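Please examine the sequence and the model displayed here.

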Amino acid sequence: MGSVLTAGELRKGTKLEIDGEPYLIVDFEFSKPGKGQALYRCRLKNMITGIQFDRTYRSGDKFNSADLEEQQMQFLYSDGETYHLMNTSSYEQIEMPAAGVGDATNFLTENLNVDVLLFQGRPIGITLPNFVELKIVKSDPGIKGDTASGATKPATLETGYVIQVPLFVEEGEVVRIDTRTGAYVERVKG
Amino acid sequence: MRSEREILSAKRRNLEIRSRVIRLIRGFFEEEGFLEVQTPILTGAPAPETHIVPIRADGDRFLTTSPELYMKRLLAAGFERIFQLTQAFRANERGRVHHPEFTILEWYRSGGDYKSLQDDCINLVRHVCRALAPESRPFFRGSPLDPEAPWERYTVRRAFRRFAGWEPGPEPDEDRFDIDMVEKVEPKLGFPAPCILEDYPRSQAALARLKPGESDVAERFELYWAGMELANGFSELTDESEQSARFQEALSAKQASEGISYPLPAAFLDSLKDLGTCAGIAFGVDRFVMILSGAGELDDVVAFPPEMA
């Protein structure tokens with residue numbers, strides 16, 4: 001169980017449990033109308049579904065902080081619907097539905113170490129390392145003579161995801177990618 | 001992390017505007033024949049208000065939550081037009097437009113009522129804005145504002161009917177009233193000119209007198225600009241027994257919610273027998289400066305916000 005919070009302790013970034021689900025406060029405003037009571041206006045984001053809504057709380061309202069924990073795990077393999085991961089310190093294996101993995105799947109390769117977010121022991125999200133190195137499996141050669149700086153072309157990664165890379169990057173090369181933006185950073189010398 | 005030097009340097013323009021605004025306010029009231037007064041910051045008996053929590057200072061003293069009671073004691077003693085610029089303190093208030101310590105402007109007119117204060121607001125705001133233009137113009141969260149445009153005027157009833165879809169009676173449910181006020185009504189008020197929201201339900205009269213011939217509402221108004229409350233004024237309640245009853249009710253509510261027995265402001269109640277018809281208003285100077293400098297939050301117009309203090 002998480003600890004108990006009062007409305008006065010809520011802030012942007014606070015994680016709460018509401019109706020059995022974890023929520024993140026993405027926007028927060030203290031309000032006090034005229035001679036009225038203190039009110040705490042929150043924009044809440046469901047940490048599993050991503051759905052957002054606004055809710056106003058009063059001074060007396062109490063909450064349970066969300067019981068969240070992050071563990072480092074190694075991605076083992078996926079059978080399409082289920083992702084299998086292993087805790088790197090306890091070697092315990094867990095299964096995670098593809099929905100929970102979300103867009104992380106674009107840059108996820110076997111044996112990669114990731115941070116898994118657990119809500120009440122249940123995996124609900126994956127945070128990739130900020131940078132990953134992935135192989136280009138398909139990309140048409142750049143047009144010769146096209147040296148305009150900033151020109152890019154599509155390239156398919158070993159995960160199947162397509163990114164934009166500079167024209168000089170060739171099929172078979174390994175590139176570094178910023179997973180927070182999904183952008184190409186540089187070529188990695190093999 | 002930015003250094004203190006960088007943080008303060010970045011506020012230079014706003015602090016210069018702040019300084020000019022304070023001088024302009026003083027000039028305005030001097031022209032209008034008001035006397036500037038100073039009253040205690042340390043007080044034994046803060047005004048009992050259900051939702052304003054005083055900060056305890058020293059033994060049985062509190063930091064003032066507003067100079068209101070002292071101002072009215074001066075009026076009762078025959079001072080006719082007075083104003084004050086001072087710091088006021090309220091516990092547990094911290095937000096984009098709330099600081100536990102803030103600069104408050106109060107002015108009082110004997111013989112006047114809340115309508116005369118509304119005229120003062122129009123004249124004061126326009127006076128300050130005209131003097132600051134064209135170098136600096138009122139602006140808030142992406143919206144240019146214009147105090148020269150006509151000022152809208154809503155009764156609380158009409159504003160709720162229009163923006164919240166229901167009409168509050170003399171004693172509306174407090175939660176429903178407060179939540180709809182901040183979610184539905186306030187965000188619509190005061191574009192591009194300030195807006196006057198007046199005639200509050202009787203249960204929200206605070207220290208205002210009830211409207212003669214319409215006792216469901218109090219002669220209380222709030223000034224809004226760009227969705228933000230700037231001032232609260234009223235025709236003052238001068239009936240000692242009614243004021244005493246309202247204080248007793250607020251003191252019991254505070255005993256229940258805060259667990260503290262505040263003393264009844266006896267000297268103030270005693271002065272009411274000499275207090276004639278009058279009106280007074282509290283005006284948030286920091287928020288006014290925010291709008292005049294186009295700042296997004298109080299932290300931008302105060303040199304040292306609470307966390308730096």
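In chain B, β6 (101–110), β13, β14 (278–284) and α9 (285–293) each contribute at least two residues to the lining of the largest cavity. Helices (H or I, at least four residues) and strands (E, at least two) are DSSP runs, numbered from the N terminus. This is a predicted model, in which local features need pLDDT of at least 70 and side-chain atom pairs count only at pLDDT 80 or more, while totals for chains, interfaces and linings use all residues. Residues are numbered from 1 along each chain as its sequence is written, chains are lettered from A and ligands numbered from 1 in the order in which they are written, and side-chain values use heavy atoms, with hydrogens and water left out.

The largest cavity has a volume of about 490 Å³, and a search of the whole structure finds one cavity of 30 Å³ or more. On a 1 Å grid over the protein atoms alone, a cavity is a set of points where a 1.4 Å probe fits but cannot get out, whereas a pocket is an open set with protein on both sides within 12 Å along at least five of seven lines; lining residues have an atom within 4 Å of a point. Grid points are joined across faces, edges and corners, and a volume is the space filled by probe spheres set on the points. Of the 33 residues that line the largest cavity, B:R90, B:F102, B:I104, B:E229 and B:R287 lie nearest its centre. The lining comprises 13 nonpolar, eight polar and 12 charged residues; here Ala, Val, Leu, Ile, Met, Phe, Trp, Tyr, Cys and Pro count as nonpolar, Asp, Glu, Lys and Arg as charged, and the others, Gly among them, as polar.

The volume of the largest pocket is about 950 Å³. Its lining has 37 residues, and the closest to its centre are A:F28, A:E29, A:F30, A:R41 and B:R96. Two or more lining residues come from each of β3 (21–31), β4 (39–46) and β5 (52–58) of chain A, and from each of α6 (174–185) and β13 (228–235) of chain B. The largest share, five residues, belongs to β3(A). By class, this lining has 11 nonpolar, eight polar and 18 charged residues.

In chain A, six strands form an open antiparallel sheet in the order β1-β6-β2-β3-β4-β5, where strands pair if DSSP finds at least two bridges between them. β1 (4–6) and β5 of chain A are at the edges with a single partner strand each, so one side of each is left without a neighbour in the sheet. Eight bridges join the antiparallel strands β3(A) and β4(A), and A:F30 stands opposite A:Y40 in β4(A). Helix α6(B) packs on this sheet and touches β3, β4 and β5 of chain A, contact meaning heavy atoms within 4.5 Å.

A salt bridge (a side-chain nitrogen of Lys or Arg within 4 Å of a carboxyl oxygen of Asp or Glu) links B:E49 with A:K35, the closest N and O atoms being 3.2 Å apart. This pair crosses between chains, from the loop between β2 (42–43) and β3 (56–58) of chain B to the loop between β3 and β4 of chain A.

How values were computed
Axes fitted to C-alpha atoms, helices over the stretch in contact; angles between N-to-C directions.
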